[in-house]
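Trainee: I'm new to this one, and I'd like to know where the labels come from. Could you walk me through them?

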Amino acid sequence: TERSLVLVKPDGFARGLTGEVLARIERKGYRLAALAILTPTREQLAAHYAEHEGKPFYEPLVAFMSSGPVTAIVIEGERCIEGFRSLAGATDPTKAAPGSIRGDFGRDWGKPVQENIVHGSDAPESAAREIGIWFPSLG
Ligand code: ATP
C-alpha cells in the first residue's frame with residue numbers, strides 16, 4: 001500500500017495541533033507507520049525543499065521550518081498521498097476550504113512564508129524520497 005510523509009510544521013506543533021492532525025489521519029482510516037518529534041536540521045530541510053532552492057521564500061522557509069520541533073509522520077493506506085493532501089487543503093490557508101486542516105486552523109499571519117500547519121508528500125516519488133530524509137531506517 002501507499003505511504004506518505006506528513007510533517008506537522010513548527011506553527012502546528014507550537015499551537016498543539018499535532019493531536020488534531022493525528023486524529024484526522026486516523027479518523028480517515030490511514031495507519032500510522034512511524035512518528036517522531038524533532039527539530040529539523042538545515043541539511044534535512046535543504047534535502048526536503050531542494051525543489052524550492054533559489055525561490056524568494058526559500059531562506060525564510062528554511063528558517064521557519066528549523067525554528068522549533070516538528071512531528072514527522074509516515075502514514076499508510078491506499079491513495080493516502082492524494083488523500084492527505086485533500087485533508088490538508090490548499091497551500092494558502094486563507095484559500096483552503098473549511099473542513100480541511102489548513103482551512104479550519106490556518107490563516108495568513110503576514111509573514112514571508114505561508115505558515116500552513118502541515119506538509120504532505122505530493123507524489124509517490126517524493127514520498128519515497130522524503131521518507132528517506134526523515135526516517136533513514138525506513139528508506
Ligand atoms: P507542502 O509541500 O508544505 O505540503 P505545498 O506542497 O502545498 O506545501 P509547496 O509549493 O511545496 O506547497 O511549498 C512548500 C512550502 O513553502 C509551503 O507549504 C509554504 O509553507 C511555503 N510556500 C510555498 N509557496 C510560497 C509562497 N509563494 N510564499 C511563501 N511561502 C510559500
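Mentor: Let's go through a few labels one at a time, keeping in mind that this is a predicted model.

Trainee: Why is R79 called exposed?

Mentor: Count its neighbours: R79 has 12 C-beta neighbours inside 10 Å. The exposed label goes to residues with 12 or fewer, so R79 counts as exposed. You'll find R79 in the loop between strand 3 and helix 5.

Trainee: And how do you know that I117 is buried?

Mentor: Try the count again. I117 has 27 other C-beta atoms within 10 Å, and buried takes 20 or more, so I117 is buried. I117 sits in a loop too, the one between helix 6 (101-105) and strand 4 (118-120).

Trainee: What makes the phi of these residues worth a look?

Mentor: Most residues other than glycine have a negative phi. Yet R79, not a glycine, has a positive phi of about 55°, and for I117 phi is near 70°.

Trainee: What makes V8 a contact of I117?

Mentor: Contact takes C-beta atoms within 7 Å. Leaving aside neighbours within four places in sequence, V8 has I117 among its contacts, along with others including F13, L17 and V118.

Trainee: Which residues have the most contacts inside the largest nonpolar core?

Mentor: V6, V8, I75, F84 and V118, in a core of 24 residues. Among the elements that each supply at least two residues of this core are strand 1 (3-8) and helix 7 (124-134).

Technical notes
Residues are numbered from 1 along each chain as its sequence is written. This is a predicted model: local features need pLDDT of at least 70, side-chain atom pairs count only at pLDDT 80 or more; totals for chains, interfaces and linings use all residues. A nonpolar core is a set of buried Ala, Val, Leu, Ile, Met, Phe, Trp, Tyr and Cys residues joined through C-beta atoms within 7 Å. Helices (H or I, at least four residues) and strands (E, at least two) are DSSP runs, numbered from the N terminus. Two residues are in contact if their C-beta atoms, placed from the backbone, lie within 7 Å.
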